[in-house]
Amino acid sequence: MNRRHRKTLGKAGALLTTAALVMTACGGNEGDAVQGTGDGGANQGPLPLTMMLPTYSPEQMPADSPVLKQLEEKTNTKLTVSWVPSSSYTDKLSATVASGELPKTFVALEPKASYIVNAARSGMFWEVGPHLKSYPNLGKMSDLVLKNISIDGKVYGVYRERDLARFGLMIRQDWLTNLGLQPPKTMDELYSVLKAFATGDPDKNGKQDTLGLAVGMQGSNIAGFKDILVYMGGANEWELQDGKLVPAHMTEAYLDTMKFYKKLYDEKLINQDFAIVQDGRAVMYKGQAGLWIDNMLDGKNIEENIKKVHPDAKINLVNRISGPKGERTRAGSGYLGMYMIPKTSVKTEAELKQILAYFDKVSEKENQNLMKYGIEGRQFTLENGTYKPTQDPKAKAEVTDGNQFMILQNEVVNYGTELEKLSTKLFQDNATIALANPAAPFISNTEIEKGKELSKIIADATVKFIMGAVDEAGWKQAVDKWLQSGGTKVIEEFNAEYAKTAK
Amino acid sequence: MPIKPSWGSRIFDSLNVTLLLAFALITVIPFIYVIAGSFATQKELLQRGFILFPTEYTLDAYKYIFSTPTLVRSLLVTVYITVVGTLINIFFTCMMAYPLARKDMDFRKPILLLVVFTMLFGGGMIPTFLVVKQLGMINTYWSLLIPGAISAFNLIIMRNFFQQLPDGLEESAKIDGCNDLGIFFRIVLPLSLPAIATFSLFYAVGHWNTFFNAVLYINDHTKWPIQVLLRQIVILASGGVGDSSSMEADFVAPPEQSVKMAVIVVSTLPILLVYPFLQKHFAKGVLLGSVKG
């Protein structure tokens with residue numbers, strides 16, 4: 001029996017080897033063929049440019065969209081876009097990066113994700129940093145943001161500009177008016193407004209059925225927490241203390257912010273079920289709460305939704321709240337992903353320069369507006385300066401996700417509603433008081449590896465503290481657990497990187 | 001004379017009935033909620049939150065999702081993948097299972113061993129992606145049909161089913177002058193219809209739910225199956241839009257709740273409708289073949 005067994009195994013082995021041989025043989029040929037056709041013909045006619053972009057809409061821009069055609073004409077390119085649903089973008093990109101089957105350019109939504117960093121370190125992407133200055137538009141890119149996207153101090157892509165600081169308060173103006181209150185300017189006023197919203201019957205229905213602040217878990221973050229932390233004088237993720245980077249949750253202000261939230265929770269000024277609410281905006285939509293803190297662009301959407309239930313609702317935006325350290329607000333990253341150019345699909349420096357020239361042209365004023373609004377007369381009309389978007393779904397689809405093509409956004413004309421115009425104004429105002437994250441340009445390998453589980457320790461403990469399930473001692477334990485599970489290493493690694501640049 | 005049931009058994013029965021009813025409700029209520037939500041107005045959804053019977057019926061959500069050809073296109077893609085894919089699955093599974101069930105087949109054991117091996121160890125996402133890429137199937141429907149053409153688990157059950165068909169049938173067919181292919185197509189397959197129907201449903205549901213492979217292998221958005229679109233519509237609404245430490249997505253207005261529900265209904269209903277037609281075969285049992293006579 002033993003002998004027979006060995007015989008079968010032998011046969012199986014032989015089969016496996018044959019199969020493997022056949023497969024590798026085929027693979028080699030196929031790869032060569034693809035590479036052979038990939039080169040050549042780069043300098044004749046419009047530049048063929050394949051790209052992979054995330055889409056945030058159910059409908060995608062059709063390949064024959066007139067908007068896309070016009071962009072091609074103006075930039076002298078032939079674009080082939082492959083749209084990937086934003087929700088699965090990371091998976092698709094990591095598989096594509098690993099296989100080497102990359103288009104000529106693609107958007108990396110998270111330039112600091114491990115697979116991007118590793119691929120960049122192994123020399124898979126063109127370093128574009130030194131080239132940028134020779135282009136009129138790309139040369140205008142912000143040094144701060146370029147520093148934020150850099151990997152080991154090198155710039156491997158063209159970032160897509162977004163306003164640096166977009167966070168603020170979206171507050172029910174009709175409630176403020178009903179109560180005879182002014183929009184809050186300080187933390188104390190903010191608290192008393194919240195108190196009045198919850199107890200003063202701002203919707204005048206005779207029932208005590210309103211809340212101050214709407215809170216939900218946006219991902220694993222408590223909505224508004226990071227913003228209030230900054231208002232209260234805390235850090236934006238990391239803080240410089242005596243030349244050392246310290247994570248926000250190890251500062252005194254973090255504890256104060258938790259206590260502030262706990263007070264709101266205990267006095268029932270926030271929704272008591274916040275820990276299980278996936279999207280806190282839903283509380284706002286119902287007209288139950290008076291305040292929401294997040295990206296102020298959302299104000300228009302929130303107002304439209306509340307109006308379906310309470311037609312009189314009006315949203316106002318507030319951006320300057322002063323705390324112990326004065327007026328300040330949280331700076332975001334200043335970009336939404338970046339375009340990277342892989343060396344596997346773009347072989348020569350000449351072609352790299354052509355692609356950079358395309359990015360430069362996309363950033364011209366007329367192209368910025370083209371990708372934002374579409375073609376006048378088709379996607380929108382201007383009557384005496386008032387902007388009217390088309391209602392035709394087909395024409396609408398032709399400009400869907402157009403902003404995914406945009407690099408710089410500094411010359412976009414604002415045709416929006418009052419609220420949208422206000423938000424643009426406040427974004428600019430925010431930029432002057434924005435507090436940047438000093439650790440943003442640095443990479444910690446431990447953070448890349450374990451960041452998610454680490455931040456979960458802190459997020460869980462914060463929620464528990466606010467709900468009163470743990471006290472200060474319990475919170476300290478959670479911080480210790482964070483340190484032991486890798487936090488100490490994260491701090492060390494960030495500080496080592498920081499020390500290198502501080503020299 | 002019927003035996004009068006004892007008190008104990010009566011209590012047991014009523015307990016059983018209530019438990020099963022409760023269980024049935026738990027499974028059915030989410031469906032009713034989604035269907036009701038798809039017909040409700042946005043105002044009512046926001047105000048009442050949980051609705052089983054809307055006070056005001058509207059077809060707005062359905063009008064909206066059918067206002068562009070996207071959804072219909074994706075549905076057609078999915079129907080195509082499901083029909084062609086299931087045919088491929090059944091054909092290859094039967095063609096491989098039958099020889100493996102025949103005792104006079106050479107190398108039966110080692111081949112079966114290789115099959116079982118794939119059940120325990122898989123290559124993972126990236127190696128599979130590389131194979132699909134090297135075979136030139138990226139961005140074609142083949143990438144969704146070929147790599148999973150045979151499910152090892154279904155293959156083994158199918159083989160067991162074939163194995164329990166009496167040898168005498170084949171022998172007598174042979175005596176009557178039938179060759180091997182004839183035996184397979186004219187004797188074995190007709191006798192296996194219940195098993196084939198059952199596995200068709202398994203495979204079909206699998207194809208209907210194709211999501212991840214499509215995201216990985218299909219680059220052209222006009223070839224997206226319905227689940228990719230469904231997820232895209234549903235996920236857009238679920239928060240996480242404004243804030244994330246490493247990235248900051250552009251703000252996207254989430255689609256209305258009723259639209260999401262209408263899309264779920266449209267994408268689930270067709271496959272639900274297939275079930276009753278195959279249900280009678282289920283009565284004969286998937287695992288019929290595994291019972292050794």
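This is a predicted model: local features need pLDDT of at least 70, side-chain atom pairs count only at pLDDT 80 or more; totals for chains, interfaces and linings use all residues.
In chain B, 71% of the contacts with a separation of 6 or more join residues 24 or more positions apart.

**Chain B: helices from start to end**

- Chain B contains 14 helices and zero strands, and its elements follow one another from the N terminus as α-α-α-α-α-α-α-α-α-α-α-α-α-α.
- Of the 293 residues in chain B, 42% are buried.
- The chain exposes about 16000 Å², and carbon and sulfur atoms supply 71% of that area.
- An unreviewed UniProt entry places the feature "transmembrane region" at residues 12-36, 77-99, 111-132, 144-162, 183-205 and 261-278 of chain B.
- Looking at residues 77-99 of chain B, you will find 100% helix and 0% strand, with the end C-alpha atoms 33 Å apart.
- Residues 183-205 of chain B are 96% helix and 0% strand, and here the end C-alpha atoms lie 30 Å apart.

**A nonpolar patch on chain B**

- Two helices of chain B, α1 (7-39) and α14 (257-284), each give at least two residues to the patch.
- The largest share, four residues, comes from α1(B).
- Leu273(B) sits in helix α14 of chain B and is exposed, with a relative accessible area of 52%.

**Domains of chain A**

- Chain A is divided into domain 1 (47-162 + 334-410), domain 2 (166-330 + 416-441) and domain 3 (445-502).
- Between domain 1 of chain A and domain 3 of chain A, the C-alpha centres are 35 Å apart.

**Salt bridges**

- Side chains of opposite charge can pair when their charged atoms come close.
- Over all chains, the structure holds 23 salt bridges.
- One of them joins the side chains of Glu267(A) and Lys195(A), at 3.1 Å from N to O. This pair links distant parts of the chain, 72 residues apart: Glu267(A) is in the loop between α9 (252-266) and α10 (281-285) of chain A, while Lys195(A) is in helix α7 (residues 187-199) of chain A.
- Glu267(A) is partly exposed at 29% relative accessibility, and Lys195(A) is partly exposed as well, at 31%.
- Another salt bridge is formed by Glu472(A) and Lys259(A), whose closest N and O atoms are 3.4 Å apart. Because Glu472(A) lies in helix α17 (residues 472-502) of chain A and Lys259(A) in helix α9 of chain A, the pair ties together parts that are 213 residues apart in sequence.
- Glu472(A) counts as partly exposed at 33% relative accessibility, and Lys259(A) is partly exposed with a relative accessible area of 38%.
- Asp429(A) and Arg320(A) also meet through their side chains in a salt bridge, at 2.8 Å from N to O. Asp429(A) belongs to helix α15 (residues 418-433) of chain A and Arg320(A) to the loop between β12 (315-318) and β13 (322-323) of chain A, so this pair ties together parts that are 109 residues apart in sequence.
- Asp429(A) is partly exposed at 23% relative accessibility, and Arg320(A) is partly exposed at 26%.
- In chain B, salt bridges that share partners join Arg102(B), Asp104(B), Glu170(B), Lys174(B) and Asp180(B) into one network.

Note on methods. Residues are numbered from 1 along each chain as its sequence is written. Chains are lettered from A and ligands numbered from 1 in the order in which they are written. Side-chain values use heavy atoms; hydrogens and water are left out. Buried means under 20% relative accessible area, exposed over 50%, partly exposed in between (1.4 Å probe, protein chains only). Domain bounds come from an automatic or database domain assignment. UniProt positions are given in the numbering used here, feature names are shortened, and annotations may be inferred rather than shown by experiment. Contact means heavy atoms within 4.5 Å. Accessible areas come from the Shrake-Rupley method with a 1.4 Å probe; for residues, only the protein chains shown count as cover. A salt bridge is a side-chain nitrogen of Lys or Arg within 4 Å of a carboxyl oxygen of Asp or Glu.
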